[in-house]
Amino acid sequence: MTRVGLIRIVVIVALIGALELACRLGFINHRTIIPPSEMATALYSLLASGAINADIERTLGVILLVIALSIVFGFALGVVIHALPRVREALDPLFATYYAVPIFIFYPVLIAIFGLSPMPIVLIGVATAVVAMIIATLNGLDRVPRVLTKVARVHRLGPVTTAVTLQLPAAAPYLFTGVKLSVSYGFIAVIAAEFILSPAGLGRDIADAYADFNNRRMYALILFLLIIATIVNGLLHTLDMRWTERRAGGRP
Amino acid sequence: MSATRRITDTLVIVAVMLLVWQILHQIAGETALPAPLPTMTYLMHMVPTARFATNAAATLLALSFALLLAYAIGLGIGVWMGAHRLSGAVGEPILVALYSLPKITLYPVVLLIFGLGLSGKVAFGAMHGILPVALLTIGAIRAIPPVYLRSARTLHLSPWQTIATVLLPAALPEVFTGLRIGFSVTLLGVLLGEMFASKQGLGSLIMSDMSLAQSEDMVTVAIILFAFAAIANALLLWVEHRLHRRV
């Protein structure tokens, strides 16, 4: 553990400790925030009771579906658009603006069209996540060195072999950035959609607990989602670092 | 690429989107999704009404306060962590981790602390905006050539003078990128806040339209917000390009 990492942990622990202390000493009203230790015990008993298993399954299932669809379609669309330079040029302003407009405001419109089902959630999730994957795929294919295509021609490789053995590995770091963003955007969009309006799911659970003034349940659920998101982001980050290191290490 | 070609491309995209909208309308039916043309005429009638004006004003007010807070706090954190090496090394990964969390889960907490109404929306919007502003400011200040700082020291500038006359001007183009992204996510935060729990603002207008099945109204508000965000982003991008070229 580096010194900086150690200080970071101390800072985080101190912040949580300060919150705990402020709650216990009554500086923060129990009806506003409950002590972190109570959040943890509440989460433990909630998970042990199995009361939210169905919602966990549902929400994580939808998130996985959204991420899978976004990555597959985003990659496929990216490859197609990359092959058509004129189309790509035309789409450029759209890509530049896409994440600047609140796509999410169309969620109620999707509910009006498809009704209150998982369908609008999946659609708004994919709409949020897929474009990051398209942009990353375009970036990645742009950065494939020319020499690789020449090597492929010299060795008379077919288009499929060229793609799998040369182009894909060369574009991989950029593709992985796309995957990371898709995961993060998919997660956020699904939870937000469930939270705003949905028949079930963890986001809906939090909104319900808030409406019922059930703080223990609410904070337990919030803690759960934050832990899941942190673990997933941490894993992706670690993978990214490891690959970057390996690539850097392979260079003469 | 020539300007006319760019404009034609944008027009083609808009035309394609309108076509998709029309097709969706044919599939979904009149009650779920009104057609583009009637929506445009509806828009003309709707914008002058008092109902739209008060809600739009409420959203704009919340957005302005949220932006003010996000920019002030974000720049403050950014300058601090950018200029102070250890704080930056400790703090930046924490900010990055917070940035990729679904902040919507924290909205109930914000509501419990700040209450329903303007302050809750403002706090939630600012929460979204602070992080990109801070992160890009950190990056911008770290990228400043050390020789600038050395000359500031040679000239015996005070810390404030160093920030105001050396750090900020040198970092401005990249800092402005942070402000632009901060604008987009703050707007999103304010709208999300309004959609979940608020009696005022365009976000709450969309939700009440949906529950009353007034799809014409709902789509119109969504289109207006869409256009507002796109135009604001285009303007900020324009300024940003000019700043980058100046350096």
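Predicted model: local features only at pLDDT ≥ 70, side-chain atom pairs only at ≥ 80, totals over all residues.

Analyst: Start with the contact between the chains. Chain A brings 39 residues to the contact, and chain B brings 42 residues. Now take the side of chain B that touches chain A. Six helices of chain B each supply at least two residues there: H1 (3–28), H4 (85–99), H5 (107–114), H8 (159–196), H9 (202–211) and H10 (215–246). The largest share comes from H10(B), with 9 residues.

Chain A has a mean pLDDT of 88. In chain A, 98% of residues reach 70 or more. Among the elements of chain A, H3(A) has the highest mean pLDDT, 94. Helix H7 of chain A, residues 146–154, has the lowest, 84.

Stay with chain B for now. Chain B has 10 helices and 0 strands. Its pattern along the sequence reads α-α-α-α-α-α-α-α-α-α. Along the principal axes, the C-alpha atoms of chain B fill a box of roughly 70 × 55 × 30 Å. Of its 247 residues, 40% count as buried. Take the contacts in chain B with a separation of 6 or more: residues 24 or more positions apart account for 77% of them.

H4(B) supplies at least two residues of the side that touches chain A. H4(B) also packs against helix H6 of chain B, residues 118–142. The angle between these two helices is about 145°, and their axes are 10 Å apart. The crossing of H4(B) past H6(B) is left-handed. Which residues meet there, between H4(B) and H6(B)? From H4(B) come B:Gly88, B:Glu92, B:Leu95, B:Val96, B:Leu98 and B:Tyr99. From H6(B) come B:Leu131, B:Ala134, B:Leu135 and B:Ile138. By class, this contact of H4(B) with H6(B) has 8 nonpolar, 1 polar and 1 charged residues.

A loop in chain B is worth a stop. B:His156 lies between helix H7 (146–154) and H8 of chain B. B:His156 is not a glycine, yet it has a positive phi of about 55°. Is B:His156 buried or exposed? It counts as exposed, because it has 7 C-beta neighbours inside 10 Å, and 12 or fewer is the cut-off for exposed.

Chain A has 10 helices and 0 strands. From the N terminus on, its elements run α-α-α-α-α-α-α-α-α-α. Buried residues make up 37% of the 252 residues. Contacts in chain A between residues at least 6 apart in sequence join residues at least 24 apart in 73% of cases.

A:Phe75 sits in helix H3 of chain A, residues 53–83. A:Phe75 counts as buried because it has 21 C-beta neighbours inside 10 Å, and the cut-off for buried is 20 or more. Leaving aside neighbours within four places in sequence, A:Phe75 is in contact with A:Met133 and A:Thr137. A:Leu25 is 50 residues from A:Phe75 along the chain, and their C-alpha atoms are separated by 53 Å.

A:Ser117 belongs to the loop between helix H5 (107–114) and helix H6 (118–142) of chain A. With 11 C-beta neighbours inside 10 Å, A:Ser117 counts as exposed. A:Ser117 and A:Ala200 are 83 residues apart in sequence, and 9.2 Å apart in space, C-alpha to C-alpha.

A:Arg156 is not a glycine, but its phi is positive, about 50°. With 7 C-beta neighbours inside 10 Å, A:Arg156 counts as exposed.

Methods. Residues numbered from 1 in each chain as written. Chains lettered and ligands numbered in written order. Helix = DSSP H or I, 4+ residues; strand = E, 2+ residues; numbered from the N terminus. Contact = placed C-beta atoms within 7 Å. pLDDT = per-residue confidence, 0-100. Axes fitted to C-alpha atoms, helices over the stretch in contact; angles between N-to-C directions. Left-handed = near helix turned anticlockwise from the far one by under 90°. Nonpolar A, V, L, I, M, F, W, Y, C, P; charged D, E, K, R; others polar.
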